[in-house]
Amino acid sequence: MTTKNLQTSVLALLRKNARISVQEMADRLDTTVARIEATIKKLEADKKILGYTAITAPDEEADEIRAIIEVQVQPERDAGFDNIAQRIAKFNEVATLYLVSGSHDLHLEVVGHSLQDVARFVSRKLSSQPGVKSCATLFLLKKYKESGIVLDKEEGDARLKVTP
Amino acid sequence: MRVSKSPRKPAVVPRPRVAPHIAALPKSGIRDFFELVNTMEDVISLGIGEPDFVAPWKIREATIYSLQRGYTHYTSNLGDPKLREAVCKYFARRFGGIYNFKTECIITVGVSEGLDIATRAVICPGDEVLYHEPCYVSYGPTVRMAHGVPVPVVTRAEHDFVLQVSHLEKAVTPRTKVLMLNYPNNPTGAGMTAEDKKKVAEFAVKHDLLVFSDEIYDELSYVPRSPSIATLPGMRDRTIVFNGFSKAFAMTGYRIGYAVGPHDLIDAMMKVHQYSMLCAPGPSQFGAIEALNNADEERDQMHDEYEQRRNVIVKRFNDLGLHCFKPRGAFYVFPDIRSTGMTSMDFATSLLREQHVAVIPGTAFGACGEGFVRCSYATSMEGIETAMERIGIFLKKRGLR
């Protein structure tokens, strides 16, 4: 018996392949298309599914540069980190934003068209935010793995074609 | 050099170089088929009896680490004590039987070696061994190599290939010493319910038989699992349970398995093992420790993927009009192809030649597999879907759809 319930199984299938058909999901999970559709609707309504996206290989041609920025901030009384995090999250340049434990507080992934673009965002917009104490910018050089997918493919099927 | 003109009379009748009981063994029924498959390009194989997953990286990494630390030596004959301890803990956690790792557990070179040494340890020439057919290809030969008499008991589609005690009662004799079981089953995917196990256990107790329970596919069960037959009343002292790492942890090439059972039987197996294998390969043992202690999640992920593929392939076969019962475990389906009017071998050979899809004729697993083919779903979902489309075309061209 599967180790997961239907919602969890549907989520796991969509995380692996957001373009999987409802028919295939129904066949895999031994249920009906109607139940799959209802489950997805519910997951969307409950904001457990926020959107669907593609996992892309890095494109050498694209004028896009990504950086991780570690930000130390002064938390506010009552609000803690929330107000400042929400202000920073509104910038288009910020792709993801986490509050983290450790040597810094906010962990951002920022996207720009060039090195200068990202540097400008950090110096003019980010570090000047009230409450921001320091920023460390780590430019991403090469992607090895994303969303569970290793970019350099491993060896193919090494099995014999027929075995007992 | 002088050459004698008259040939000398042989002093003795020439003896066969190969022992008759070995000469009489059939070569594995899928050998010829394998040769044929190998001559062809772009075959989609549903004929592979091993996981398509590579062993989880943490297991491979632990193996490499053991080599880095210089663990390249013999281990204890029974197997490294840390592995045996991990096996017994895992067994208690997953299968519900309690065994002492010091005296009731042995690490083997896969379940195949386990079955071989157990058979050699208990069988006297002429002793009979009951087992079900269709079954894994080694069962009969293993018994013959130990000079025992294999007594296959037919299992049938109408019982979803579960062994029936009424059939066992007809086959048992005063010479019967062992009953071999393999559920979940290769090649049929059949499984035993708790009730099935209870009936077979009562039969074994009634006739005072030893039971060899090959539970290699038990982790790949898709229905609620029931405890091992060894845990039933009167069974612990007469049962050896065989299990291993090949299927649940995708470690076939590691060649590593184990047996747990009563001390006297494990001790006798140890003697045979000690003088033949000496010990299971060290690096494999260290990989196996990691598998038992830290790879539950990887195991479950593979399990769930197999289960989903099973659901798909069963549906596809039934939609094509080839009846296929829903297997309770393992990664095989055993569709009924009798409606095509072909023999298993004809079906498999024609399908391979015309559509480049490899399935195994049911007869490779015993004569009663006639009318069925074994299809392994240890292949990617894309492979399964393409194979099933091609099988559809194959049937259509014969006007069978």
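Helix α5 (residues 115–126) of chain A lies across β1, β3 and β4 of chain A, at about 20° to β1(A). The model is predicted: local features need pLDDT of at least 70, side-chain atom pairs count only at pLDDT 80 or more, and totals for chains, interfaces and linings use all residues. Residues are numbered from 1 along each chain as its sequence is written, and chains are lettered from A in the order in which they are written.

**Sheet of chain A**
- Four strands form an open sheet in the order β2-β3-β1-β4, with antiparallel pairing (a pair needs at least two DSSP bridges).
- β2 (94–99) and β4 (132–139) are the edges; each has a single partner strand, so one side of each lacks a neighbour in the sheet.
- Neighbouring strands are turned by 20° against each other on average, direction ignored.
- Seven bridges join β1 (residues 65–73) to β3 (residues 106–112); A:Ile69 of the pair is bridged to A:Leu108 in β3(A).
- Helix α4 (residues 82–89) of chain A lies across β1, β2 and β3, at about 165° to β2(A).

**Helix pair of chain A**
- The axes of α1 (residues 6–16) and α3 (residues 33–45) come within 10 Å and cross at roughly 80°.
- That makes α1(A) roughly perpendicular to α3(A) (65 to 115 degrees).
- A:Leu6, A:Gln7, A:Val10 and A:Leu11 of α1(A) meet A:Ile36, A:Thr39, A:Ile40 and A:Leu43 of α3(A) (contact: C-beta atoms, placed from the backbone, within 7 Å).

**Chain B**
- Six bridges join the parallel strands β3 (residues 128–133) and β4 (residues 149–154) of chain B.
- B:Leu130 has B:Val151 in β4(B) as its bridge partner.

Terms used:
Axes fitted to C-alpha atoms, helices over the stretch in contact; angles between N-to-C directions. Helix = DSSP H or I, 4+ residues; strand = E, 2+ residues; numbered from the N terminus. Parallel < 35°, antiparallel > 145°, perpendicular 65-115°, else oblique. Contact = placed C-beta atoms within 7 Å.
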